Amino acid sequence: MTIDPATAQLRCISCGATPATAAPDFRCSTCGDLLEFAFSNWPDDPPALKSLWTHRKTLLKPLDQSGIWRFRELLPHIPEEHVITLREGDTPLYDLPRCAQIAGVDGLQAKHQGMNPTASFKDTGMTVAASSAHEQGFRWVACASTGNTSASMAAYAARGNMHSLVLIPEGKISWGKLSQSLDYGALTCQLRTDFDGCVRILNELVRQKPVYLLNSVNPYRIEGQKTAAIELMEQLEWEPPDHIIVPGGNLGNSSAIGKALLEMRDMKLIERLPKLSIIQAQGANPFYRSVKDFAGIKLEPMTADTQATAIRIGSPASWKKALRVLRETGGEVEQVTELEIAEAKAEIGADGIGCEPASAVTLAGLKKLRKSGFVKPGETVVLILTGHLLKDPDFTIKFHRGDLFTGTRQTARTSHLQRAPIVLDADLGAVIAALDAAEKLV
Ligand code: F0G
């Protein structure tokens, strides 16, 4: 069965200009705002589309085995010979029974985007944007990153025989992520600045060198990241949850998931919209402040700081796109403290799932949204977990050893969640004593 894909056209989100091609920094050449893909001629047979997408999972072609390209009718067209895929997407949706109880909701699930090939959600957008670089014949691709985009870009560039340049803030990304970009062969530059400083340099660079920008201002990234929401609806048999909760950093992911929800509603793939809520770390909360203090009229950049280094971002590029989907879906924005993030991360871990700190803001945020009454006890909630537990083992070990908040009084609240390793003599009696002591506590 074949279904004609939708027609994609670049469009500026502010002035509506429709350039035939994008400038190197993906900014509108008329007004300087971001571009997005606008679609026309949507396929108009929802049942046929749904069964085609599900059927493709049984096929062996790489394009069909990718959880992104399976949905190619809703993506910009890229000829098959240029598609770079690592069989990304098709990530699991898990129940979180203990976390549900803690948060006070009946139905809580997590879509684990950390189960992608490079262990974060970035692969879903990178397969599309890197393929577009390949189609356009670029030799070099580049990104500024807090670590996950760079890991993903380096992998896809390597698979597509392209060179990659990574700009990361020195000392502020996890070893797990840094080691990935090294192994995948990227030219990795640790700049003495923060993420926002890396972005500034990269924007200048792409104007001077034939290097393809792979940050999430690149609208191909957003299109690929849309598929997480499509796949989620498929996993829920096209019955939307009441709430979807995502972390907010540069705000590309929330924009992408929201865009997918709105498009699916317009195409009648789903009958109602879930509320999409966005959670930021309190120390990196420019979007939260924009909505709460300035009614979304402006966003004041800030110097960001959080141990959830993935979302340590003070000037999010996609804030206007995120604001639009927040408003259109009726979602809420929330901020959470460092302690709340650490606590939530250990709670997700204790459900046998695990994630990196930036992903755990979703559960921390849900708890607050329950308390405020925005989320009701009987409602269904899906958290989007964006990165794998093993992305940032330092954070996890520090937490369990009680070293995460040294010099503060914060640890008392999390001691029940801490599981520091116990060093013992190689002695059976000692191990049995440890087991008996643990048994008394459960
Ligand atoms: N979660 C993780 C694990 C991330 O790596 C990021 C962003 C986010 C959430 C936030 O997503 O930026 O689309 O709002 N990481 C980027 C990077 C910035 O460079 O890896 P966002």
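Predicted model: local features only at pLDDT ≥ 70, side-chain atom pairs only at ≥ 80, totals over all residues.
Local features required pLDDT of at least 70 and side-chain atom pairs pLDDT 80 or more, while totals for chains, interfaces and linings use all residues. Residues are numbered from 1 along each chain as its sequence is written, and side-chain values use heavy atoms, with hydrogens and water left out.

The ligand sits in the largest cavity. The shell comprises 20 residues, each with a heavy atom within 4 Å of the ligand. Ser 145, Asn 250, Leu 251, Asn 253 and Thr 386 are the closest. By class, 7 shell residues are nonpolar, 11 polar and 2 charged. Helix H5 (148-159) and helix H9 (252-266), both DSSP runs (H or I, at least four residues), each supply at least two shell residues.

Polar contacts are pairs of N or O atoms within 3.5 Å. A side-chain N or O atom of Lys 122 lies 2.9 Å from a ligand nitrogen. Taken alone, the ligand exposes 480 Å², of which the protein buries 98% (Shrake-Rupley method, 1.4 Å probe).

The model has 29 salt bridges, defined by a side-chain nitrogen of Lys or Arg within 4 Å of a carboxyl oxygen of Asp or Glu. In one, Lys 226 pairs with Glu 263, with the closest N and O atoms 2.7 Å apart. Lys 226 lies in helix H8 (residues 219-235) and Glu 263 in helix H9, so this pair ties together parts 37 residues apart in sequence.

Definitions and conventions: Polar contact = N/O pair within 3.5 Å; in protein donor to acceptor, adjacent residues only side chain to side chain. 1 Å grid on protein atoms, 1.4 Å probe; cavity = no way out; pocket = protein on both sides within 12 Å on 5 of 7 lines; lining within 4 Å. Sits in = over half its atoms within 2 Å of the grid points. Nonpolar A, V, L, I, M, F, W, Y, C, P; charged D, E, K, R; others polar.
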